[in-house]
Amino acid sequence: MHVPKLCDRPTALWTSYGRRWRSDRQTSFSLLLTIALTTLLIPSPSLAQTHAIPSPSSAPLELDLLTKPKDYVITANTIHPQGLTVPSLWWAQQNSERKLLDNWIAYPASDKEPARVDLIVNQQIWSLLEYIERYDFVNRLGSAARNFGYNVRVFNYQKEPLATYTCNFSTSPALCSIQTTVKNKIGLQRSL
């Protein structure tokens with residue numbers, strides 16, 4: 001009489017499972033390869049084409065609006081007695097390290113351009129910041145402005161563009177891009 005060993009049955013099961021696992025793995029690999037090749041070979045619009053982030057506004061900085069604001073713009077000195085002024089960047093201004101953010105001009109959206117905020121920073125403090133600190137500043141204020149549907153441009157009082165935070169608001173969540181301008185030691189600018 002044959003008495004099966006305790007390990008005979010599990011070994012047969014594991015062998016059967018191993019063959020099935022290899023077969024499933026080959027099927028999965030074939031399916032993955034088919035999907036990958038189909039994706040590569042079938043022309044379709046790329047994400048960059050369908051969800052492109054627009055270029056930053058090329059409109060000039062209008063510093064005279066800080067002292068003579070028009071009805072359609074909002075500055076750091078604008079107060080609406082009825083409620084919160086949008087975009088509300090006062091909290092960000094009060095919390096900006098070393099009083100970097102000096103003022104801003106917010107333009108509502110128009111037929112020609114999306115809403116934007118032009119931030120004016122203290123150039124002396126800006127020049128002391130490392131690249132990562134500048135990036136962090138632009139990212140934090142850009143995120144705050146994005147919540148109100150505004151793009152951001154950063155300038156100094158000499159009207160030199162320093163950075164931008166631009167979003168495609170037609171996507172959810174909005175796709176955004178940060179660009180900064182860096183001056184090298186001999187004073188030449190380049191965009192990163």
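Predicted model: local features only at pLDDT ≥ 70, side-chain atom pairs only at ≥ 80, totals over all residues.
Visitor: Is Lys 112 buried or exposed?
Guide: Buried means under 20% relative accessible area, exposed over 50%, and partly exposed in between (1.4 Å probe, protein chains only). Lys 112 has 80% relative accessibility, so it counts as exposed.

Visitor: How far apart in space are Lys 112 and Ser 57?
Guide: In sequence, 55 residues separate Lys 112 and Ser 57. In space, their C-alpha to C-alpha distance is 10.0 Å.

Visitor: What about Tyr 135 and Gln 179: what separates their C-alpha atoms?
Guide: Tyr 135 belongs to helix H6 (residues 131-146), and it counts as partly exposed because its relative accessibility is 33%. Gln 179 is 44 residues away along the chain, yet the two C-alpha atoms are separated by 8.6 Å.

Visitor: What share of the contacts with a separation of 6 or more comes from residues 24 or more positions apart?
Guide: Contact here means heavy atoms within 4.5 Å. The chain has 6 helices and 7 strands, running α-α-α-β-α-β-β-α-α-β-β-β-β along the sequence. Among contacts with a separation of 6 or more, residues 24 or more positions apart account for 54%.

Visitor: Which side chain makes a polar contact with that of Asn 156?
Guide: Asn 156 lies in the loop between strand E4 (151-155) and strand E5 (161-168), and with 0% relative accessibility it counts as buried. Leaving aside residues up to four places away in sequence, it touches Leu 61, Ile 120, Val 121, Gln 123 and Leu 162. A polar contact is a pair of N or O atoms within 3.5 Å; within protein, one must be able to donate a hydrogen and the other to accept it, and residues adjacent in sequence count only if both atoms are side-chain atoms. At 2.6 Å, the partner of the Asn 156 side chain is Gln 123.

Visitor: What is phi of Lys 159?
Guide: Lys 159 is also in the loop between E4 and E5, and at 45% relative accessibility it counts as partly exposed. Its phi is positive in a residue other than glycine, near 65°.

Visitor: Which residues does a cis peptide bond join?
Guide: Look at the loop between E5 and strand E6 (175-183), where Pro 173 is found. With omega about 0°, the cis bond joins Ser 172 and Pro 173.

Visitor: Which element gives the most to the lining of the largest pocket?
Guide: On a 1 Å grid over the protein atoms alone, a pocket is an open set of points with protein on both sides within 12 Å along at least five of seven lines, a 1.4 Å probe fits at the points, and lining residues have an atom within 4 Å of a point. Here 13 residues line it, with Pro 161, Leu 162, Ala 163, Thr 164 and Thr 181 nearest its centre. Elements giving two or more residues are E4, E5 and E6. With 4 residues, the top contributor is E5.

Methods:
Residues numbered from 1 in each chain as written. Heavy atoms only, no water.
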